[in-house]
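Here is a short briefing to read with the model open beside you. Take a moment to find your way around, and then let's walk through a few spots together.

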Amino acid sequence: MSSVFVSRARDSFGDTLERLGLEDEAGTPTPEELGRRAALLVGAEQAWEHHIGLLLTAAQAANLLGVGTRQAVHDRARRGSLLALHRGSRQVRFPSFQLVERPGATTRAVLPELGRVMRIFAEAGVDEWTVASWFCTASPLLEAMTPAAWLAEGRDPEHAFEAARRSAAHLGQ
């Protein structure tokens with residue numbers, strides 16, 4: 001990262017703190033701690049997106065699915081047939097890995113058996129970010145493929161369900 005980039009980021013960070021009224025307020029962490037936290041937040045978001053892949057808005061997901069509205073996408077997520085990742089109190093993103101191409105179609109379909117896998121993890125109390133990570137992590141039970149790739153290729157879903165049950169039992173402890 002160039003020194004100009006870091007300088008501009010530092011200035012913007014300081015301006016934002018001032019606008020929020022957080023500068024030098026009693027009980028506020030030190031400037032060094034605030035800077036460290038901000039850098040970790042930015043880095044964490046980039047690391048998640050690197051691992052999970054592109055995160056879509058509801059409008060983007062609706063367009064790819066051909067369902068017309070953002071509300072239809074949110075409804076699918078509420079019903080457990082689409083994975084939604086919550087960032088903050090109102091921001092929701094949808095991992096693109098769950099929208100698979102359909103031969104000869106201009107729209108995409110939801111990853112086969114996504115809902116059933118999500119129910120396995122929900123019953124174990126595993127959060128949605130961990131579920132998204134699981135879908136994108138190679139599994140020895142799936143011939144070293146990711147569960148998302150396994151299901152997208154139409155392989156035996158029972159193997160994916162077993163991998164999900166084992167992971168959910170471990171992660172839900």
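Helix 5 (residues 114-123) has as its buried residues Leu114, Gly115, Val117, Met118, Ile120 and Phe121; buried means under 20% relative accessible area, with exposed over 50% and partly exposed in between (1.4 Å probe, protein chains only). This is a predicted model, where local features need pLDDT of at least 70, side-chain atom pairs count only at pLDDT 80 or more, and totals for chains, interfaces and linings use all residues. Residues are numbered from 1 along each chain as its sequence is written, and side-chain values use heavy atoms, leaving out hydrogens and water.

**Around helix 5**
- The cover over the buried residues of helix 5 includes strand 5 (108-110), helix 6, helix 7 and helix 8 (157-171); helices (H or I, at least four residues) and strands (E, at least two) are DSSP runs, numbered from the N terminus.
- Just after helix 5, Gly125 takes a positive phi of about 80°.

**Aromatic residues**
- Phe97, Phe121, Trp134 and Phe135 form one aromatic cluster.
- Trp134 counts as buried because its relative accessibility is 8%, and Phe135 does so at 0%.

**Ser139**
- Look for Ser139 in the loop between helix 6 (128-135) and helix 7 (147-152).
- Ser139 has 9% relative accessibility, so it counts as buried.
- Leaving aside residues up to four places away in sequence, Ser139 touches Ala144, Met145 and Ala163 (contact means heavy atoms within 4.5 Å).
- A polar atom of the Ser139 side chain lies 3.1 Å from the backbone nitrogen of Leu141.

Technical notes: Rings of Phe, Tyr and Trp (its six-membered ring) pair if their centres lie within 6.5 Å; planes under 30 degrees apart count as stacked, over 60 as edge-to-face and the rest as tilted. A polar contact is a pair of N or O atoms within 3.5 Å; within protein, one must be able to donate a hydrogen and the other to accept it, and residues adjacent in sequence count only if both atoms are side-chain atoms.
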